[in-house]
Amino acid sequence: MAVDGTEQRALQYEQTLMYGRYTQELGVYAKEEAARIREDGRHRRSISERSPSLKLLEYEKGRCVRCRICAVHCQRFLMSRVGEDWIFLILLGLVMALVSFVMDFCIALLLQAQKWMYGGLDSNVILQYLAWVTYPVVLISFSAGFTHIVAPQAAGSGIPEMKTILRGVVLKEYLTLKTFVAKVVGLTCALGSGLPLGKEGPFVHIASLCAALLCKFMSFFGGIYENESRNTEMLAAACAVGVGCCFAAPIGGVLFSIEVTSTFFAVRNYWRGFFAATFSAFIFRVLAVWNRDEETITALFKTRFRLDFPFDLQELPAFAVIGIASGFGGALFVYLNRLIVQFMRKQKTINKFLMKKRLLYPALVTLLISTLSFPPGFGQFMAGQLTQKETLVSFFDNRTWTKQGMTEDFNYDFHSAAWKHPQANVFVILVIFIVMKFWMSALATTIPVPCGAFMPVFVI
């Protein structure tokens with residue numbers, strides 16, 4: 001009985017599927033943090049004692065005294081200016097825009113490599129299947145292994161942890177450099193695998209990591225960033241930046257930041273979040289123009305709706321039905337995701353086995369989803385060859401797909417042709433797509449890699 005109780009407490013303590021393992025007790029961690037803060041204070045005092053003051057320089061004589069006094073004045077002026085909020089927010093927006101652009105570029109290369117491998121083996125269906133399945137399994141396994149080795153705290157979305165931190169709770173190693181590296185590399189590989197995963201939640205965590213690291217860097221120029229309340233305010237602005245550089249939507253980023261810090265949101269943080277998110281979204285779209293992905297600064301997902309007659313009054317009940325169905329569907333998605341996680345945690349035998357074989361669960365989930373989305377197989381009934389971005393482009397193209405149930409008279413491009421099948425109507429394919437993507441996304445978000453759920457839910 002005692003052995004079983006110990007094993008049960010160990011299983012509850014580790015929680016290996018979704019999160020990392022805590023390796024230290026809170027009391028020991030608090031003592032180490034206090035010792036580190038005392039050591040940092042001694043180090044700063046020793047540096048300040050060695051630095052020359054203006055009063056001592058004024059009493060010295062020599063040709064270089066005036067130059068040295070001027071240099072000290074310039075140094076103090078630059079330190080005071082660099083320590084201001086707007087400089088910090090510009091740096092935060094610039095860094096996050098660059099990170100988002102580089103990650104999107106690498107993700108596009110990984111997805112293109114999968115299509116290149118699939119298209120180059122069109123003479124043999126078996127080799128096509130092996131290439132289609134093996135590629136995402138390798139990427140997801142690498143993402144899960146790299147995240148677990150470098151920083152287990154980087155697994156999952158990161159938004160629940162940021163809510164906890166913004167409410168004053170200290171979570172060890174959630175805002176460190178190695179967590180940033182694990183989050184960026186793991187998220188790039190996870191999204192490059194083609195699984196129905198999102199990037200908004202991890203980007204909120206990545207922006208918070210950038211803000212925390214910048215606060216440590218800026219503390220060398222001014223002591224204002226040593227204040228914990230100021231760091232918390234910058235983390236609230238970073239939440240807005242994470243959404244702004246992800247979807248080029250600064251207003252949505254500020255609203256999301258208010259939602260994350262719903263307990264208390266200071267009025268002075270409104271301009272910080274909006275300024276940083278606007279700058280980040282602007283740089284993110286400018287980089288797309290510079291890379292010749294866009295001709296000018298436009299929306300991330302463009303629409304071609306008529307402006308003179310956007311909708312008919314008869315469509316308002318249909319919009320209301322869509323809203324009600326989406327509400328129930330969102331609740332069902334959360335319920336299904338929770339059932340999967342609880343089932344995996346309650347099965348002691350499965351949990352013990354997965355503790356030893358940490359890469360087996362993500363590999364099996366990826367194998368199942370890739371097999372069902374194989375284009376010559378069942379994937380032909382759910383547009384399996386399209387990525388999430390291509391799926392949204394085909395949904396937003398504002399073209400007629402069918403006329404009285406007949407689809408043979410229409411010209412299709414690559415994106416629209418994926419929804420055409422000789423044995424099924426386009427509406428049947430859309431229903432199959434919604435049902436399959438629904439449970440696939442709920443299952444994919446349970447694997448221990450950096451991932452979010454907003455984009456797949458948005459596609460559904």
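**A close look at helix 15**

A: In this predicted model, the residues of helix 15 that count as buried are Tyr361, Pro362, Ala363, Val365, Thr366, Ile369 and Ser370. These buried residues pack against helix 6 (125–150), helix 13, helix 14 (348–356) and helix 18 (426–444). An α-helix has 3.6 residues a turn, so residues three or four places apart point the same way.

In the model, residues 359–378 are 65% helix and 0% strand, with end C-alpha atoms that lie 26 Å apart. Residues 234–258, by comparison, are 92% helix and 0% strand, and there the end C-alpha atoms are 13 Å apart.

Helix 9 has 19 residues and reaches 26 Å from its first C-alpha to its last, close to the 27 Å expected at 1.5 Å a residue. Of those 19 residues, 16 are buried, so helix 9 is largely enclosed by the rest of the structure.

The charged pairs come next. Side chains of opposite charge can pair when their charged atoms come close. The count of salt bridges in the model comes to 3. In one of them, lysine 199 pairs with aspartate 104, and the closest N and O atoms are 2.7 Å apart. Lysine 199 counts as buried because its relative accessibility is 11%, while aspartate 104, with a relative accessible area of 25%, is partly exposed.

Another salt bridge joins the side chains of glutamate 390 and lysine 115, with an N to O distance of 2.7 Å. Glutamate 390 is in helix 16 (residues 388–395) and lysine 115 in helix 5, so the pair ties together parts 275 residues apart in sequence. With a relative accessible area of 19%, glutamate 390 is buried, since the cut-off for that class is under 20%; lysine 115, at 28%, is partly exposed. Glutamate 173 and lysine 178 also form a salt bridge, in which the closest N and O atoms are 3.8 Å apart. Both partners are partly exposed, glutamate 173 at 28% relative accessibility and lysine 178 with a relative accessible area of 38%.

Helix 5 is also the place of valine 95, which is partly exposed at 32% relative accessibility. Valine 95 and isoleucine 283 are 188 residues apart in sequence, yet their C-alpha atoms are 9.7 Å apart in space.

Finally, Phe311, Leu313, Leu316, Phe319 and Ile322 make a nonpolar surface patch of about 500 Å². Phenylalanine 311 is placed in the loop between helix 12 (268–290) and helix 13 (316–346), and its relative accessibility of 38% makes it partly exposed. Helix 13 is also among the helices against which the buried residues of helix 15 pack.

Note on methods
Residues are numbered from 1 along each chain as its sequence is written. This is a predicted model: local features need pLDDT of at least 70, side-chain atom pairs count only at pLDDT 80 or more; totals for chains, interfaces and linings use all residues. Side-chain values use heavy atoms; hydrogens and water are left out. Patches are made of residues with over 30% relative accessible area and no salt bridge: like charges are joined within 9 Å, nonpolar side chains (Val, Leu, Ile, Met, Phe, Trp, Tyr) within 5 Å. Accessible areas come from the Shrake-Rupley method with a 1.4 Å probe; for residues, only the protein chains shown count as cover. A salt bridge is a side-chain nitrogen of Lys or Arg within 4 Å of a carboxyl oxygen of Asp or Glu. Helices (H or I, at least four residues) and strands (E, at least two) are DSSP runs, numbered from the N terminus. Buried means under 20% relative accessible area, exposed over 50%, partly exposed in between (1.4 Å probe, protein chains only). Contact means heavy atoms within 4.5 Å. The expected span of a helix is 1.5 Å times one less than its number of residues.
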